[in-house]
Amino acid sequence: MEDHVSHDRPEWTAQPDLASRVFGGTVMWASDELFAEKENLVNPWRPAHRAETFGPKGQVYDGWETRRHREPGDDQAVLRLGVAGVVSGVVVDTAFFKGNYPPFVSVEAVSVPGYPSAAELSEVDWEVLVDHEPVVGDAENFFKVSSPRRFTHVRLTQHPDGGVARLRVHGSPVPDPALLDPRSLDLAALANGGVVTGCSNMFYSSPSNLFSPGLAAHQAEGWETARRRDDGNDWVTVRLAGAGIVRFAEIDTSNLKGNAPGWAALSGRLDDGDWVPLLPRTRLQPDTRHRFALEDGPQITEARLDIYPDGGLARLRLYGELTKRGREAVTTRFTETTA
C-alpha cells in the first residue's frame with residue numbers, strides 16, 4: 001500500500017491542528033453522512049483503511065462520506081475549533097478515497113463568541129479561506145491561508161459530494177484573555193498561546209505534543225527522539241504565552257518505559273537573550289509524572305527543556321503567573337486578531 005502522506009509538507013503543518021479532537025474540536029453538523037460519520041474529520045490519528053470491510057451502508061471508511069447527489073447542491077460540515085486562533089493553512093486529506101472524493105472543496109471560517117448552535121452559525125457571514133479549489137484523491141491537499149483574523153469555527157464544503165478523511169486546521173492559538181487566570185496557568189500550553197520555537201530531533205513524534213491538553217494515552221501522543229550515538233543531548237524550546245514567572249514544572253514520562261530520558265533540566269530566557277537555570281539536571285523515572293517546585297525566578301519569555309541523552313516525554317507543564325507585560329501582550333494579540 002502506498003503512503004498517501006506527502007513528504008514535502010509546508011512549514012505551517014508543524015503548527016497545532018486547531019480542529020483536532022485532542023483540543024476538543026468537534027463536528028457540529030453535516031448536511032449528510034450516510035456512508036461515513038462526520039466525526040472522523042477531527043480524529044487526531046492518521047486515517048486507516050481495511051479493504052473489503054463492508055457494513056450495511058457499504059465499505060467502511062475512516063472519514064466523512066456523503067451519498068451521491070442526483071440533484072444540484074453541495075455537502076457541508078461545520079466544525080467548532082478546539083482552540084480558537086489564526087489559521088495558517090488547512091489540509092483536506094482524502095486518504096483512501098480514490099473514486100469517491102469531491103473534485104472541488106471550499107473552506108470558510110468565522111469568529112463568534114460563546115457557544116452558538118449550528119443553526120445560529122448558518123445566519124452569520126463567513127470568510128472564505130479556500131475558494132472552490134480542486135483536490136486530488138487519496139492524498140493530503142494543502143491550502144495556505146493568509147487571513148490575520150482569529151477564528152472559532154470552520155465550514156468545509158464538498159462540491160458536490162464525496163468523501164474526506166480529515167480536515168486539519170493548522171495555526172496559532174489565540175486565547176481569550178477574559179478566560180485566562182493570569183495569576184495561575186500553564187504558561188507553555190498551546191491552548192494558552194505557547195509556541196514551540198526549536199527542537200533538536202522529532203524522529204518519532206512532534207514536540208508540540210508535549211504542550212497538548214490532557215494526559216497522553218500512549219507513546220505516540222508525546223515527543224520522542226531517535227537514539228543518539230554521540231555525546232550530545234536532545235532539547236526543545238517553547239515561547240511562553242507571555243512573559244511570566246514559572247513556579248512549578250511537571251515533566252511527565254507516562255507510557256515511556258524503556259525509552260524515557262535518564263535526566264532532564266529546565267532553563268528560562270531573559271529579555272536580554274541570556275538563559276538562566278530553572279531546574280538543574282535531575283534524574284527521571286520511566287512512566288512517571290514528576291512535579292517540581294521551582295524557586296521564584298526572574299521574568300522569562302521562553303523556556304528550554306534538555307533531556308539526557310535522548311528519549312521521549314509525554315507532557316511538559318510550566319505553571320506560573322503572567323507578569324504585567326505578559327498580560328498586556330496576551331490582550332494585545334487577542335485585540336489585534338479580533339478587530
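**Salt bridges and nonpolar cores**

Glu 127 comes out as partly exposed, with a relative accessible area of 23%; here buried means under 20% relative accessible area, exposed means over 50%, and partly exposed is in between (1.4 Å probe, protein chains only). This is a predicted model, so to speak of local features a pLDDT of at least 70 is needed, side-chain atom pairs count only at pLDDT 80 or more, and totals for chains, interfaces and linings use all residues. Residues are numbered from 1 along each chain as its sequence is written, and side-chain values use heavy atoms, with hydrogens and water left out.

Glu 127 has a charged partner: its side chain meets that of Arg 149 in a salt bridge, at 3.1 Å from N to O. A salt bridge here is a side-chain nitrogen of Lys or Arg within 4 Å of a carboxyl oxygen of Asp or Glu. The two residues sit 22 places apart and link distant parts of the chain, with Glu 127 in strand β7 (residues 127-134) and Arg 149 in the loop between β8 (140-144) and β9 (150-159). Strands (E, at least two residues) and helices (H or I, at least four) are DSSP runs, numbered from the N terminus. Arg 149 is partly exposed too, at 30%.

Across the whole structure, a search turns up 18 salt bridges. One of them pairs Arg 166 with Asp 62, whose closest N and O atoms are 2.8 Å apart. That pair also ties together distant parts of the chain, 104 residues apart: Arg 166 lies in strand β11 (residues 166-173), and Asp 62 in the loop between β3 (58-59) and β4 (64-65). Both Arg 166 and Asp 62 are buried. Another salt bridge joins Arg 228 to Asp 230 at 3.0 Å, N to O. Here Arg 228 is partly exposed at 25%, and Asp 230 is partly exposed at 47%. Elsewhere, Glu 33, Lys 38 and Glu 39 form a network of salt bridges.

On to the nonpolar side chains. A nonpolar core is a set of buried Ala, Val, Leu, Ile, Met, Phe, Trp, Tyr and Cys residues joined through side-chain atoms within 4.5 Å. The largest such core has 60 residues, and those with the most contacts inside it include Leu 41, Leu 79, Leu 156 and Leu 266. Strand β5 (residues 75-93) gives the most to this core, seven residues. Beyond its neighbours within four places in sequence, Leu 266 is in contact (heavy atoms within 4.5 Å) with residues including Ala 249, Ile 251, Pro 277, Arg 304 and Leu 318. A second, separate core has six residues, among them Ala 36, Ala 95, Phe 96 and Ala 165.
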